[in-house]
Amino acid sequence: MLPAAEAEAKILDLMPLPTEVELVSLNTCLGRVLAKAIPSPLDFPHWDNSAMDGYAVRYEDVQGASAGQPKVLTLTETIPAGRSPQLLVGPGQAARILTGSMLPAGADTIVIQEVTQREGDRVLVLETPAPQQFVRHKGSFCRAGDLLMAPGLSIGGPELAVLASAQCLQVPVFPQPRVAILSTGDELVMPDAPLQPGQIVDSNQYALAALVRQAGAVPLPLGIVPDQPQALRAAIQSALAQADVIVSSGGVSVGDYDYVDEILAELGATLHIRSVAVKPGKPLTVATFPAEGGAAPLYFGLPGNPVSALVTFWRFVAPALRKRSGLATSWGPTFVPATTRDALKAGGQRETYLWGKLTATPQGYEFGLAGGGHNSGNLINLAGTNALAAVPVGTKLIPAGATVSVMVVGS
Ligand code: AMP
Ligand code: MG
């Protein structure tokens, strides 16, 4: 039984980084990972412009201005945003300017409207501004040719805004990992089937497909595979032909019908991990297939119990998918310290995860245990939770009010 942290490190080592790059349109790149550095094609701002509504002036003309001794300037023109200035601002002159408008030649400072008084084609300046105040200088945010965005960034709203501003219409991104999902078990049926005694619905297929998608990968749900070696072999071979990563649930413990490890070995895979010291989720198989041309496909055999399947996915599969998708951030799960409202009990032999709700309070994070049984087969009380409190090996009790490390798995 491998300790959890060692298993995580080993899995990340086995998972290759992406190497290929594809171009997708600006309109469809949301959620993808940037694959190349984007140099700025332009200066940002593109020209000197005003940060405020007011008047563009020459600083030397308004030095010493006050309410008692205003400086009087003659207006040259009004410069709306989107039009270039027509006239030079000469000594004793000012131009009416609006937020974002280009600074006219001659002017170097903006006087905000609130400290002026307009009289026809003249303006009275009632306060001395700081030199160059409210001027956004050309290239002060980013210069043409400088790095606009580094590879490995996940493209969200702010990144889309930057790409759009740089007129980057075709965005280089990493291909999304394709993840085949198999559910093994003779007892499993689809949600629309009438349930016979002994049968249960294949809920893992739905949960795992959702988590794969949330991890930025593409789920390939390949359905239910009966507990028959032939069927399992065929299903794994078919998954290998279409996916970079295979995630199966069930069939990895020591039961009479648990064939996954045996079939993997028969198919030439190398088994790297067979069990991890976590609860729930001890039987976890991680294997690699020989690379045929591309990267070696990685196989995750998760335990079948619904909670075990999800916990092992969050703890071990999701970080590996983040690496495979090319994210430059740390891939591992996010653990935060939280005050637990409830006592947390564990066996002390394995790292134990207890599910519940993490809330941010002005005093810091708080963790509340989900009500109901904490049993790996009970998927019902997982709904509405967003975090797993981790009780370390060697600890049997974390009392209410104490600090616990909590893994964030949802929002
Ligand atoms: P196994 O790991 O195959 O021994 O399965 C352990 C438990 O998880 C059994 O009670 C199964 O019925 C249940 N189980 C296995 N696969 C699934 C699945 N895809 N959806 C829901 N429950 C499952
Ligand atoms: Mg089974």
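Mentor: Strands (E, at least two residues) and helices (H or I, at least four) are DSSP runs, numbered from the N terminus. This is a predicted model, where local features need pLDDT of at least 70, side-chain atom pairs count only at pLDDT 80 or more, and totals for chains, interfaces and linings use all residues. Residues are numbered from 1 along each chain as its sequence is written, chains are lettered from A and ligands numbered from 1 in the order in which they are written, and side-chain values use heavy atoms, with hydrogens and water left out.

Trainee: OK. Where is Pro45 found?
Mentor: In the loop between strand S2 (38-39) and strand S3 (49-50). A cis peptide bond joins Phe44 to Pro45, with omega about -15 degrees.

Trainee: And what about the bond from Lys279 to Pro280?
Mentor: That peptide bond is cis, with omega near -5 degrees. Pro280 lies in the loop between strand S19 (278-279) and S20.

Trainee: Why point these out?
Mentor: Because most peptide bonds are trans. Most residues other than glycine also have a negative phi.

Trainee: Then what is the phi of Phe134?
Mentor: Positive, about 60 degrees, and Phe134 is not a glycine. Phe134 lies in the loop between strand S9 (122-125) and strand S10 (135-136).

Trainee: New topic. How many residues surround ligand 1?
Mentor: 16, and the closest are Glu187, Asp202, Gly251, Gly304 and Asn305. To count, a residue needs a heavy atom within 4 Å of the ligand.

Trainee: How do they divide into nonpolar, polar and charged?
Mentor: 4 nonpolar, 10 polar and 2 charged. Here Asp, Glu, Lys and Arg count as charged; Ala, Val, Leu, Ile, Met, Phe, Trp, Tyr, Cys and Pro as nonpolar; the others, Gly among them, as polar.

Trainee: Which backbone atoms come up?
Mentor: A backbone N or O atom of Gly251 lies 2.9 Å from an oxygen atom of ligand 1. A polar backbone atom of Asn305 is 3.1 Å from an oxygen atom of the ligand. For Ser203, a backbone N or O atom lies 3.2 Å from a ligand nitrogen atom.

Trainee: Last one. How many aromatic pairs does a search of the whole structure find?
Mentor: It finds 1. Rings of Phe, Tyr and Trp (its six-membered ring) pair if their centres lie within 6.5 Å; planes under 30 degrees apart are stacked, over 60 edge-to-face, the rest tilted. Phe289 and Tyr299 are edge-to-face, 6.4 Å centre to centre, with 65 degrees between the planes.

Trainee: What does the pair tie together?
Mentor: Phe289 lies in the loop between strand S20 (283-288) and strand S21 (298-302), and Tyr299 in strand S21, so the pair ties together parts 10 residues apart in sequence.

Note on methods: A polar contact is a pair of N or O atoms within 3.5 Å; within protein, one must be able to donate a hydrogen and the other to accept it, and residues adjacent in sequence count only if both atoms are side-chain atoms.
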